[in-house]
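Work through the exercises below with the model open. Each task is followed by its solution.

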Number of protein chains: 2
Amino acid sequence: MKLEDILKGIKPLDNTWIQKARERTAQLVMPTRALGRLHDVSERLCGIQKTLSPSVKRKAVLVMAGDHGVASEGVSAYPQEVTGAMVQTFLKGGAGINAISRHVGADVWVVDMGIIPEMNPDRIEGGDRLLVRKTARGTANLAKGPAMTRQEAETSVLTGFQLAAGLFDEGVEILGTGDMGIANTTPSAAIGCVVTGIPPEEMVGRGTGVDDEGLRLKQGAVIKGIQINQPDPDDGLDVLAKVGGFEIGGIAGCVLAGAFYGRPVVIDGFISTAGALIAGILSPLATDYIFAGHCSEEPGHKAMLKHLGITPILDLGMRLGEGTGGALAMSIMEGAVCVFKEVLTFEEAGVADKA
Amino acid sequence: MKLEDILKGIKPLDNTWIQKARERTAQLVMPTRALGRLHDVSERLCGIQKTLSPSVKRKAVLVMAGDHGVASEGVSAYPQEVTGAMVQTFLKGGAGINAISRHVGADVWVVDMGIIPEMNPDRIEGGDRLLVRKTARGTANLAKGPAMTRQEAETSVLTGFQLAAGLFDEGVEILGTGDMGIANTTPSAAIGCVVTGIPPEEMVGRGTGVDDEGLRLKQGAVIKGIQINQPDPDDGLDVLAKVGGFEIGGIAGCVLAGAFYGRPVVIDGFISTAGALIAGILSPLATDYIFAGHCSEEPGHKAMLKHLGITPILDLGMRLGEGTGGALAMSIMEGAVCVFKEVLTFEEAGVADKA
C-alpha cells in the first residue's frame, strides 16, 4: 500500500462505541467509575475495536532494531556491537522483553530494520523469530547530515506498517512496539525537540546511562543535527529522514497500521514515542489509537506524551526500551477488559445503587 | 497464637538476601537497573522470601467485610444493606475483585469479619468461599463512643492473622488484602488522622462518592470520633477499638502474618492502608513486608503511604477497594519476578557491558 492511501484510510476514532461503553461502565456494580483509568482504557478499546466485547488476548510485540551513525559522536555508554548482540539475545529469549512478554502472554518478533551486521535467520538460534527488513546497514551520522534519504524514511515506515498489518491479519488483537539500537535515544531526542519545540537541554537524557561528558556530547549531537538538517516539523518523513532512525520509522508504521486497521497499539518509552510523534505528524488522527505503556525515566518523555495527549498507564522508573513498558502495561489493559466484560451490573447483582 | 507472641516473632527484613539480589540485578543484560522499580520489587521479594528464586505464582486475596455503626451519621452514598449484598456478589464472582483476581490468577476468599446480616455458607451461592468469622454484627457508632471494645479489636486482628496464616500454610506465596463495608472510609480516615497527624479536612475524601453535604457529615464524624474517644496513636489496639472497624483489624492481622511468616502482603487502597497503619503501630518492622498495590484517588491515601514509607506500584485513579488495586499490582510484581529469574546475565548472553 502507498503511504498516501494509508493516511487517507485512517478514520477518526468511533465515539459512538465509546459512548455505549461508558453507559455499560455506569451500570457496573461499583461506585461511579470507581476503577478510574481502567474504565478509560476499556472504553477506548471498545471504540478502537468497535465492539462492546473488546479483546486483547492475542498479543504481540514487534521489537524494531536499527543502528545509528550518530553513535560515533560518543553519545552512548555501550559500543555499537551491542545492537546486534541484543538482537541475538532477544532471539534466544533471554532479554527483558522476552521475560515480560512471556509473563503477559505476548509473542515477540524481532525485526532487523537496519542493523549493521547481516544475520541469517536460518543460521541463528531462535532465527524463526527474526524478520530481516533492512532499509540499510545503519543510518548516517545525523550530526553531520541527514540520517537517511526521504525514500529510506518512507520505506522504513511502510515496512513497519506491513509487518503490523500482517500480525493483525493473523489475528493479533493488540500490538506493542519495541526498539533496540545503540545510540537511539539521540535521534529520538532530536525528533522530540523538533516536534514539541522543547529545547535539547530539557529533552536529552542519559539514555542507557552516559556520564556527564557523554550527556554533553549527546546534547551537542542533537543541537548540531537540528541546526545542520533543519527538519520541517510539519513533514513527518522529513523529520524522520533528517534526524531519525530506521527502527523509529518502523514504529511509526506500526502506529499507522493500528489506526488504519482499528487495532490498539501500545507504545513503550522514549524511542517508541518518537516513532509515535512521526506517525502523529503524518496522521494526527492516528494517535487516538495509541496507548502509552509507561512514563520513562528519560526526562523528555513526559513532554512527548503530553504533546500526543496520552496519559501513560505505568510509571515505574523504567528506561530499558525493547518494548518492556508497553508489554507490561498490556496486563493492566487486559485487566481493564476483564472488569468491563465480567463485572455484573447493579441489576444483575441485585445490589441497590446510590440513593 | 497470642498477639504478644506474634509481635515478638516478627524479625527485621533480611538485608543479606536483598543485597545478593541486587548483585544479580547488576549482572542482567540491560543498563544498570534499567527496569527501575521492578528491580526494587523483585529484590524485596527475595529479602522477604529469603531466596534468589522468589515466587508469587500462588496468589490469594482475602476480602474482609464488616459493617459500621457510623453509617448512621450519613457518611456514605450507599445504604448499609449494600455491604451484605456486595458480599453475595463477591461469592457469585461478579464484582471488580473477582474479575481482576481471575485475570491475575488469584483465589478470592470472602471473610465476614462482622457484617450485620447472618449468612450461612451452606445456603448461599458460592458459599464455599465465605469464611464466617464475625467479631460482632457491626461496630458501634465511633462518632458517639468507641467503635468496639479493646478485646474485640484484638480478636479481629488475631482472626486476620489466623486466616492469612492458614493460606500461607496451604502454600499461598503472596496475599492481597481487600475490604468491603459501607461507611468504612470514615473509620479509615479517622485512623489516618490519628496515626499521621494530618487534619480531617485533608484526610477525609468522598469515598464511594458522597456529595458536599455527605463530605461535611463525614468530616464531622471523624472530628467527633477523635474528640470523644481520644485514641492513643502509640497503641494500635486502642486506635482500632476506638475509631476502627472489624475488617480493618482483620487486614492489620494479615499484615502481621506476612511479616511473621515471611510472605509478601499487597495492601490495596485507603481501607487496607488504614489496616496497615494499625499493624505498623503494633509492629513497626511489619511494614517492610508490605507492598502497596496502588495510590487511591482518596486524598489522604498518599499521606498514609508516606507515613508507612512505601511507594505504590500503580497510580490509576482507582478508588474501589475490595482489594482490586492490590490484585492488579500482583501482575506487575510477577512480571518483576520473571525479569529477575529469566533474564540472562551479560556473560550468559555474550553481550559487552558498559565500557
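**Exercise 1. The interface**

How many residue pairs are in polar contact across the interface of chain B and chain A?

Solution. The model is predicted, so local features need pLDDT of at least 70, side-chain atom pairs count only at pLDDT 80 or more, and totals for chains, interfaces and linings use all residues. Residues are numbered from 1 along each chain as written, chains are lettered from A and ligands numbered from 1 in the order written, and side-chain values use heavy atoms, without hydrogens and water.

Step 1. Apply the rule: a pair of N or O atoms within 3.5 Å, where within protein one must be able to donate a hydrogen and the other to accept it, and residues adjacent in sequence count only if both atoms are side-chain atoms. It finds 21 residue pairs, both residues at pLDDT 80 or more.

Step 2. Locate the elements. Helices are DSSP runs of H or I with at least four residues, strands runs of E with at least two, numbered from the N terminus. On the side of chain B that touches chain A, α3 (37–49), α4, α5, α14 (324–342) and α15 (346–349) each give two or more residues. α14(B) gives the most, with 9 residues.

**Exercise 2. Symmetry**

Which rotation superposes chain B on chain A?

Solution. The rotation is 180 degrees, with 0.0 Å of shift along its axis and an RMSD of 0.0 Å. That is how a two-fold axis relates copies. Now compare contacts (heavy atoms within 4.5 Å). Of the contact residues of chain B, 100% recur in chain A. Each chain contributes 54 residues.

**Exercise 3. Helix α4(B)**

What covers the buried residues of α4(B)?

Solution. Step 1. Check the span. Residues 81–92 make 12 residues, reaching 17 Å from first C-alpha to last. That is close to the expected 16 Å, taken as 1.5 Å times one less than the number of residues.

Step 1. Count the buried residues (under 20% relative accessible area, 1.4 Å probe, protein chains only). They number 9 of 12, including Met86(B) and Phe90(B).

Step 2. List the cover. It includes α15 (346–349) of chain A, together with β1, α5, β2, β3 and β4 of chain B.

Step 3. Inspect the end. Gly93(B) follows α4(B), with a positive phi near 85 degrees.

Conventions: Least-squares fit on C-alpha atoms with pLDDT ≥ 70 in both. Buried < 20%, exposed > 50% of the residue type's maximum accessible area, 1.4 Å probe, protein only.
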